[in-house]
Amino acid sequence: MSRHLPGHVLASLASGDLSASRVAEAASHLRSCSKCQAARVYVEASRAAMEQIRGQGEPDLLWDEIGAQVYWQTSQESRSQDPARRHLFSWASGGVPLAVASGLALVAAAALYWSWPGDAGLVAPELVASSTSVLDPAARAREKAQEQIEPQAVSTEGLAAKSVVARPVRGIVVLVQGPVLANGQALRANDLVEAGAQFSTGTGRLVIQFGEQSALRVAPHSVLTIERFDEARIALRILGRVDVDITRRLPGQEFAVLAGGHEVSVRGTAFRVDFEDGQLGVRCIRGKVVVSDGEHGVQVPAGQQFEVFRRALDEVALRSVPIDREKLVSLGHAMQMPMLLAWRAPSELLASTALLELESEAQQPIAVDGTYVAQGPFTLRTTPGAHEVALVRPDGGLVQTSRVRAVRGVANRAHLLAPRKARGSEELEARVRKHQLRLALASSSRITGCLEPLAKRGLLAGSYLSLDVGINKDGSQSFLNLVSSNLSSALQSCLRDAVSEEELPSGPDSSFRFRLSY
Amino acid sequence: MMNLVGKTTTGERKAVRLSEERQAETELIRLCIEGDRGAQERFYRAHCRLAAANLYRVLGSRQDLEDLVQEVFVIAFRGLPKFRQDARLSTWIYRICVNVALGRIRTKSRKPPPILKADPTEGQPGVSPDSPRTLLERQEAKCRVYSLLERMAPKKRLVLYLHEIEGRNLKEIAYLVGVHPGTVRTRLFYARKEFYALVAAGEGA
């Protein structure tokens, strides 16, 4: 045996794993070696500590919240893999939202999806509670006592309208970005959303969730009024833009977006409604919607958009046309909205979720847990626990990833710093933005309308219009200046107006010269 | 094999019980894969504390423990369709815990874990009858063990922990870490040599 006993031999001696002869040798050595005696004490102490460790139980953790997080994450993954809900988009999309389609005053019907016996009107709802204010504490107290959010399954056989009990639906704010007013006052992220509420977004954005995988997003410069919000019918009035993503309604449940005199009704779908200056645009990326003028109806299935076209000199008709694939990809990407996947009673959700307040340097777009949310700064409702936050590059890649912990009841703030720009990046960003704008204008019906008279006379070839364009981070235009053109001033104005309506996706701010040539 | 008077033996009863447990596990796994939320909840509730205890003992710290438990179950639910039931469900989850812990050990910077700040009675029912001095000495001893483990390479640290602390045999360790038993034997030899050399030298004391 060596001069001193190695530690692992002493450990084997302590555990009784040495042969008899080796035990005798070790014992003999230990009798005369004080250093090895000390080492033996250390080894035995460590083994005793290991025994203590082995007997150690689990600490008390937030078991419910861990479980909710697990469910949320696995549900999100299975949702993204579900072919029925797969959106046709990729992070590398460089497309842009489509131009708003023009339309006449229309009345949409939901006749293709359900029928009402007798009176086509809605059943007078038996409201369990009524509240016209999103800030009404009395309504919240009633909601606590009477709330039943899960819709009752209703048989499709011989359904009588009056059997649908119109229990109120309530929503929660999942994302608020920038200044948003609720009934004229600053919106608070912890307010419940109820019938009668009106939201004005200004330069901000808002996402409201009101059911399992059912939410709506109000775009900037829009006003949304919740005219009705119960299990029989949800009716939203929009001036501006709203994106909707809802699960399939049960028989007896209606969902409608009202835009002027128009109604877009759906059963279970993801779609976008634009209504501005009397012009209606409807794009469907999942499920189908129905748009009607009262006489004729048009189904707009997934991947198509609603369009009004001139069949004859004095005859307009409605049709559904495919959305260009690149634009569809871009639209699907743009319509992604954050949702809490484990839906429960809103009051429970408010109590069990946490708010993340995220800011980014230079207001860059931010992704949370790998999913793009919005351009910073914004407040996001999420499950408590650690979340990965990152800045989003124009190509969709994520940079500056870090972890942020969301704790209930406290302000969880994080500020993401933008990476230093590489040389030449401004030029690259301008090229990206120019490409986005070109794609957006490629199938603009407004542009086509401007040039149609000239094209009919065979005078379009050789025409051009040159503009200086400034794009903000949120995709809106900061400036649009005419540089030169060989077109008439009327046509210049028409084209300039068409270009000014384009809104690009969030990305870097950029300015460039843009030329439309024919 | 029935005995002469027709009564089942202890071994038979145990075999029947094990078979019933296995069937129950199979059914639970099937429901979880189908997305039955109730089954998933039961799955989680049945194993969450075990997973937390495993991770806590391996890492010696409750820092980020909730995140790690979450990670274990996300991996478990993802991997359930491929689980061949070649081991008990609890063993399989333990294997996931071991690998999650290994991942954490690899990314964590080398510094003594804050176990000394933990409540000495943590995880133990009731309050210890030992004196505060004894409790403190025990805590210090545990802290010493973890601080020495921290110095070791992750793979060696893990096999040493599973053998010396958890008392697992070579075959079990091989399953848990996903290597051949021969590899475990070699790794364990060098791990013990290194670890106990530090202990014997009074390192960490």
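This is a predicted model: local features need pLDDT of at least 70, side-chain atom pairs count only at pLDDT 80 or more; totals for chains, interfaces and linings use all residues.
A residue counts as buried under 20% relative accessible area, as exposed over 50%, and as partly exposed in between. By this rule R17(B), with a relative accessible area of 43%, is partly exposed.

R84(B) and D86(B) join their side chains in a salt bridge, with 3.3 Å from N to O. R84(B) is exposed, having a relative accessible area of 67%, while D86(B), at 46%, is partly exposed. Elsewhere, salt bridges with shared partners link R405(A), D64(B), D67(B) and R104(B) into one network. Over all chains, the structure holds 35 salt bridges.

Across the interface of chain A and chain B, five salt bridges are found by the rule, along with 13 residue pairs in polar contact. On the side of chain A that touches chain B, at least two residues each come from α1 (7-15), α3 (34-54), α4 (63-81) and β23 (398-406) of chain A. The residues of that side comprise 16 nonpolar, 11 polar and eight charged.

How much area do chain A and chain B bury between them? The figure is about 3800 Å², with 59% of it on carbon and sulfur atoms. In chain A, the residues that lose the most area to chain B are I53(A), Q56(A) and W63(A), which together account for 18% of what that side buries. In terms of residues, the contact draws 35 from chain A and 42 from chain B.

Within chain A, another salt bridge connects E357(A) and R413(A), whose closest N and O atoms are 2.7 Å apart. E357(A) lies in strand β18 (residues 354-360) and R413(A) in strand β24 (residues 412-416), so the pair ties together parts of chain A that are 56 residues apart in sequence. With 25% relative accessibility, E357(A) counts as partly exposed, whereas R413(A), at 62%, counts as exposed.

Is strand β13 of chain A largely enclosed by the rest of the structure, or left open? Of the eight residues in this strand (residues 279-286), seven are buried, so β13(A) is largely enclosed by the rest of the structure. Strand β12 of chain A (residues 270-276) pairs with β13(A) in the antiparallel sense, over seven bridges. Within this pairing, F275(A) of chain A stands opposite L280(A) in β13(A). The hairpin of β12(A) and β13(A) has two residues between the strands, and D277(A) takes a positive phi near 50 degrees there.

Technical notes: Residues are numbered from 1 along each chain as its sequence is written. Chains are lettered from A and ligands numbered from 1 in the order in which they are written. Side-chain values use heavy atoms; hydrogens and water are left out. Contact means heavy atoms within 4.5 Å. Buried area is the accessible area (1.4 Å probe) that two parts lose on being put together, summed over both. A salt bridge is a side-chain nitrogen of Lys or Arg within 4 Å of a carboxyl oxygen of Asp or Glu. A polar contact is a pair of N or O atoms within 3.5 Å; within protein, one must be able to donate a hydrogen and the other to accept it, and residues adjacent in sequence count only if both atoms are side-chain atoms. Helices (H or I, at least four residues) and strands (E, at least two) are DSSP runs, numbered from the N terminus. Ala, Val, Leu, Ile, Met, Phe, Trp, Tyr, Cys and Pro count as nonpolar, Asp, Glu, Lys and Arg as charged, and the others, Gly among them, as polar. Buried means under 20% relative accessible area, exposed over 50%, partly exposed in between (1.4 Å probe, protein chains only). Two strands pair if DSSP finds at least two bridges between them.
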